[in-house]
Amino acid sequence: MAILERNDADFENSIENGFYVVDFYGENCGPCRLLAETIKNVEAEMPFVDFIELNTTQNTETAEKYDVRAVPTLLLVRDGAVLDRKLGYMDNSELSEWIGRYLYS
């Protein structure tokens with residue numbers, strides 16, 4: 001559906017209802033930039049999935065709450081509950097497969 005940028009103030013409300021892929025990234029993170037391209041590609045293939053990006057440099061409160069200690073970190077969230085997390089870069093097929101395992105279960 002979209003790639004939405006969120007912050008500490010609006011993150012919790014954003015994930016309350018529905019299925020989301022959350023990308024915790026850092027401003028100066030090379031793998032984060034590569035993963036952002038992967039997310040754009042997968043979002044185009046799966047327009048029915050919502051993606052949320054959160055800059056951990058600017059939004060430390062949310063990063064701490066979700067125990068994000070390194071970036072990129074991805075979370076799969078359904079109705080506010082974390083289903084799974086992955087650390088590091090994934091290519092298009094890895095990300096699509098990971099999402100599909102939880103989206104359709």
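Start by selecting Arg-69, which is exposed, with a relative accessible area of 75%. The exposure classes are buried (under 20% relative accessible area), exposed (over 50%) and partly exposed (in between), with a 1.4 Å probe and protein chains only. This is a predicted model: local features need pLDDT of at least 70 and side-chain atom pairs count only at pLDDT 80 or more, while totals for chains, interfaces and linings use all residues. Residues are numbered from 1 along each chain as its sequence is written, and side-chain values use heavy atoms, with hydrogens and water left out.

**Salt bridges**

The term requires a side-chain nitrogen of Lys or Arg within 4 Å of a carboxyl oxygen of Asp or Glu. Asp-67 is partly exposed, at 41% relative accessible area. How many salt bridges does a search of the whole structure find? Three.

Next, select Glu-12 and Lys-65. This salt bridge has its closest N and O atoms 3.3 Å apart. The pair links distant parts of the chain: Glu-12 sits in helix α1 (residues 11-14) and Lys-65 in helix α3 (residues 60-65), 53 residues apart. Helices (H or I, at least four residues) and strands (E, at least two) are DSSP runs, numbered from the N terminus. Glu-12 is partly exposed, with 33% relative accessibility. Lys-65 is exposed, with 56%.

Now go to helix α2 (residues 30-45) and pick Glu-37 and Lys-40. The two are three residues apart there, so about one helical turn separates them. Their side chains form a salt bridge at 3.5 Å, N to O. Lys-40 is partly exposed at 47%, and Glu-37 is partly exposed at 42%.

**Aromatic pairs**

The structure holds three aromatic pairs. Select Phe-11 and Phe-24: this pair is tilted, with 6.0 Å centre to centre and 50 degrees between the planes. Rings of Phe, Tyr and Trp (its six-membered ring) pair if their centres lie within 6.5 Å; planes under 30 degrees apart count as stacked, over 60 as edge-to-face, the rest as tilted. Phe-11 is in helix α1 and Phe-24 in strand β2 (residues 19-25), 13 residues apart.

Tyr-66 lies in the loop between α3 and β4 (73-78), so the pair ties helix α1 to a part 55 residues away in sequence. Tyr-66 is buried, as is Phe-11.

Finish with Phe-11, Phe-24 and Tyr-66 selected together: they form one aromatic cluster.
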